[in-house]
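Let's take a friendly walk through a protein chain together. Have a look at the sequence and the 3D view, then read on.

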Amino acid sequence: MITVEPGIARHYDISGLEQRILAALADTGVDVAHLRAGDLEAVDEFHIGGIAATRELIGQMGLKPGARLLDIGSGVGGPARFAANEAGADVTGIDLTQSYVDIAASLSKRTGMADRTHFVQGSALDMPFADASFDAAMILHVGMNLPDKKKLMSEAARVLKPGGVFAVYDVMRLKAGALTYPLPWASNETMSFVATPDDYRSAATASGFSVIAERQRGTFAVEFFAAIRARMAAAQAEGKKPPPGVGLVMGEDATTKIANLTAALEGGILAPVELLLRLG
């Protein structure tokens, strides 16, 4: 196991998270006894842009109904459920944090999706899958925790069938500049491995991928967090609880993490970047 992995797993492990998610949704009037996947969108899409970013990424993958899709770093299962519902894919998620795997499986069961989404604990850099197991793969805001991008790409290439698409949506470094911690993916610099788009491209091509599309989404990211701040301010002004969002999954210091990330985005140091890769 990569030595940083236990610390990264602990960073994401939040006690009682599933109960907190369900309580937050119940507060907004969701019938949690009859939960639908769409009810979870505000809290189970743990990346910049939330469900809108997931929809745009998956929309570019050309998934066919029944396609076997791998979600690397699947979190609590939001993108996996979306891909199963919207594209008819059969999705397997892998995540380092056991509690996330358990919550993802539980939420899929609650939403009647246990037959189309499957979750396992494991490392993105040493995946427990046979060669050529999947038609496509995706990774959303996970590479920042992976110290070895070449190993990520070689593992993705190994488990994909020839011609398979690998969709990447990670926060990447666009220019030099100091980062302030904590960030959503790291309590400190020892668990942050933000790389440049060029680092990703070179690692991808070394593993046999070709780049079929690339898009920087910095403006989209800044607007996303501005909208969150506006919603929270409006709720506060009305004396209401803020609506549930990605901060719920970040724990007690969510506000600080978001502020530090927003500063790096607004400064042009970091931006989320989409890369669409094809094997062979």
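Start with Pro 182, which sits in the loop between β5 (160–173) and α7 (197–206). Keep in mind as you look that this is a predicted model. What kind of peptide bond runs from Tyr 181 to Pro 182? That bond is cis, and its omega is near 5°.

Is Ala 132 buried, partly exposed or exposed? Buried would need under 20% relative accessible area and exposed over 50%. Ala 132 has a relative accessibility of 36%, so it counts as partly exposed.

Next comes His 141, another residue to check for its backbone angle. His 141 belongs to the loop between β4 and α6 (149–159). Here too phi is positive, near 55°, in a residue other than glycine. What about its surroundings? The relative accessibility of His 141 is 12%, and therefore this residue counts as buried.

Finally, zoom out to a wider stretch. In an unreviewed entry, UniProt lists residues 70–167 as "domain: Methyltransferase type". How far apart are the end C-alpha atoms of residues 70–167? They lie 10 Å apart. Within this span, 35% is helix and 30% is strand.

Methods
Residues numbered from 1 in each chain as written. Predicted model: local features only at pLDDT ≥ 70, side-chain atom pairs only at ≥ 80, totals over all residues. Heavy atoms only, no water. UniProt positions renumbered as here; feature names shortened; annotations may be inferred. Helix = DSSP H or I, 4+ residues; strand = E, 2+ residues; numbered from the N terminus. Buried < 20%, exposed > 50% of the residue type's maximum accessible area, 1.4 Å probe, protein only.
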